[in-house]
Amino acid sequence: MRMVKISIGVLCLILAVIFGNAMVVSGESDDESISVPLGVIHLGPPEDVEAKQPSVPFPHGTHFVYTCNTCHHQWEMDGPIENCTTSGCHDGVESPIKAGGGKVDEDELIAYYKTAYHKMCISCHREIKAQNETLEKSGRVLKDRLPNAGPSSCKGCHLPEE
């Protein structure tokens with residue numbers, strides 16, 4: 001069984017080398033394909049918003065264990081994948097938090113780009129961390145390493161610019 005896994009891994013590596021570092025997903029767009037970035041994408045505020053923190057380096061390729069729709073929840077698999085801050089998605093540029101702590105409309109809150117990024121990323125990383133802790137405490141002997149939970153703190157995500 002181990003030999004089969006190694007063979008599959010070697011085959012995948014060979015195919016990756018043959019096809020280069022560009023990945024294409026079949027789609028119904030004008031050119032019949034959608035380019036998917038494999039490297040690091042820098043997530044930041046929309047262009048017309050002044051950044052208060054450094055952008056977040058997001059290793060897109062390490063998140064391929066999830067379906068595209070996990071993050072790109074409005075994508076219907078037949079066109080280009082839009083940025084989170086695209087009009088009509090998470091395009092709010094001002095925090096809807098009300099002075100004095102009044103109740104905030106949930107739709108306004110999730111439309112705010114910063115809330116969307118933080119809620120999606122941090123909650124997922126914390127969930128993975130909790131699952132890892134549960135497995136570690138269970139006493140079970142694991143065959144594989146636990147998945148990296150990813151950062152969930154301000155400084156863990158917003159790395160100082162070099």
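A: A nonpolar core is here a set of buried Ala, Val, Leu, Ile, Met, Phe, Trp, Tyr and Cys residues joined through side-chain atoms within 4.5 Å, where buried means under 20% relative accessible area. In this predicted model, the largest such core has 8 residues, namely L43, V49, V56, F58, Y112, Y113, Y117 and C157. Two elements, strand 4 (56-59) and helix 4 (113-138), each supply at least two residues of this core. As a general background, nonpolar side chains in soluble globular proteins tend to be buried together.

Within the core, Y112 and Y113 deserve a separate word: both are buried, and the two form an edge-to-face aromatic pair, with 5.3 Å centre to centre and 70° between the planes. The structure holds 1 aromatic pair. Leaving aside neighbours within four places in sequence, Y112 is in contact with G92, V93, E94, S95 and P96.

Of the 162 residues of the chain, 19% count as buried, while the chain exposes about 12,700 Å², of which carbon and sulfur atoms supply 58%. Among contacts between residues at least 6 apart in sequence, 38% join residues at least 24 apart.

Notes:
Residues are numbered from 1 along each chain as its sequence is written. This is a predicted model: local features need pLDDT of at least 70, side-chain atom pairs count only at pLDDT 80 or more; totals for chains, interfaces and linings use all residues. Side-chain values use heavy atoms; hydrogens and water are left out. Buried means under 20% relative accessible area, exposed over 50%, partly exposed in between (1.4 Å probe, protein chains only). Contact means heavy atoms within 4.5 Å. Accessible areas come from the Shrake-Rupley method with a 1.4 Å probe; for residues, only the protein chains shown count as cover. Helices (H or I, at least four residues) and strands (E, at least two) are DSSP runs, numbered from the N terminus. Rings of Phe, Tyr and Trp (its six-membered ring) pair if their centres lie within 6.5 Å; planes under 30 degrees apart count as stacked, over 60 as edge-to-face and the rest as tilted.
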